[in-house]
Amino acid sequence: EFRRVLFRSGSNTSVVTQPETESKVIQRRFIPDQSLKPKLLDESSNLLEVKDFIIEFTNYMHSGYNAGEVPAVGHYVQMRNILEHSWIERMDRHDAMKKDLKELCDTLHEEAKKKYPKHQRRIHLLKMKKLSNESHITFLRRVVRYLEVAEIETMTPSELAMHIFLESADQTLGKLAMEELAKENPLLII
């Protein structure tokens, strides 16, 4: 298939025949499977809940288009409808409207990690208790699930000591310990 292309340069005009190489852009309405629509991501959602939301949102977005038709940008329009105000404010700071689906989800994940720092996630894991109406296997599954976000595999003995220390430290020493924990390779100096 060939097409004619008209070129104008000043007073000169020429017609060139070129092979048709442009791919056609197909735009279609977003018609998702409503049963896949995630619940509202509220202010109190923890990192684990945000991770689940991201998986559900990605599936929801993909359900609205045929294979290969998912647009590069514009997903934030849909996401805003299922985020509470605090999450919208956080995402708006990152110009979320211009991000593709992966970048959008990565940004939300990073914001959740900032909102729920590593120390808080690790201490939550260490303080987990079996609920009175919970079976032992259900409790173990909950602990294992929370390991996903606690980043235990990267924790050094120094970091563990600082996490435990932080739980009993005064505000001044606690702030210093948190600053040290925020570093790439925190050190415990005694």
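I began at Asp 95, which is partly exposed with a relative accessible area of 39%; here buried means under 20% relative accessible area, exposed over 50% and partly exposed in between, with a 1.4 Å probe and protein chains only. I noted that Asp 95 lies in the loop between α3 and α4 and that, although it is not a glycine, its phi is positive at about 55°.

Before going further I wrote down that this is a predicted model, in which local features need pLDDT of at least 70 and side-chain atom pairs count only at pLDDT 80 or more, while totals for chains, interfaces and linings use all residues. Residues are numbered from 1 along each chain as its sequence is written, and side-chain values use heavy atoms, with hydrogens and water left out.

**Confidence.** I looked up pLDDT, the predictor's confidence in each residue from 0 to 100, and found that the protein chain averages 83, with 85% of the residues scoring at least 70. Over residues 5–10 the pLDDT is below 50, and this stretch has 13 contacts in the model beyond near neighbours in sequence, a contact being heavy atoms within 4.5 Å. Residues 12–18 also stay under 50, and for them the model has 22 contacts beyond four places in sequence. Where pLDDT is low, the predicted coordinates should not be read in detail.

**Whole chain.** I recorded eight helices and two strands, running β-β-α-α-α-α-α-α-α-α from the N terminus on; helices (H or I, at least four residues) and strands (E, at least two) are DSSP runs, numbered from the N terminus. Of the 190 residues in the protein chain, 32% are buried. Among contacts between residues at least 6 apart in sequence, 57% join residues at least 24 apart.

**α3 and α4.** I then followed the axes of α3 (residues 85–92) and α4 (residues 101–115), which come within 10 Å and cross at roughly 115°; axes are lines fitted to C-alpha atoms, for helices over the stretch in contact, and angles run from 0 to 180 degrees between N-to-C directions. The two helices are therefore roughly perpendicular to each other, given that angles under 35 degrees count as roughly parallel, over 145 as roughly antiparallel, 65 to 115 as roughly perpendicular and the rest as oblique. On the α3 side I listed Ser 86, Trp 87, Arg 90 and Met 91, which meet Leu 104, Thr 107, Leu 108, Glu 111, Ala 112 and Lys 115 in α4.

**α5 and α6.** The axes of α5 and α6 (residues 136–150) come within 9 Å and cross at roughly 160°, which makes α5 roughly antiparallel to α6. I found the contact to be made by Lys 118, Arg 121, Arg 122, His 124 and Leu 125 of α5 with Val 143, Tyr 146, Leu 147, Val 149 and Ala 150 of α6.

**Arg 122 and Glu 151.** Not counting residues up to four places away in sequence, Arg 122 touches Ala 150, Glu 151, Ile 152, Thr 154, Met 155, Glu 159 and His 163. Glu 151 lies in the loop between α6 and α7 (157–166) and is buried, with a relative accessible area of 18%.
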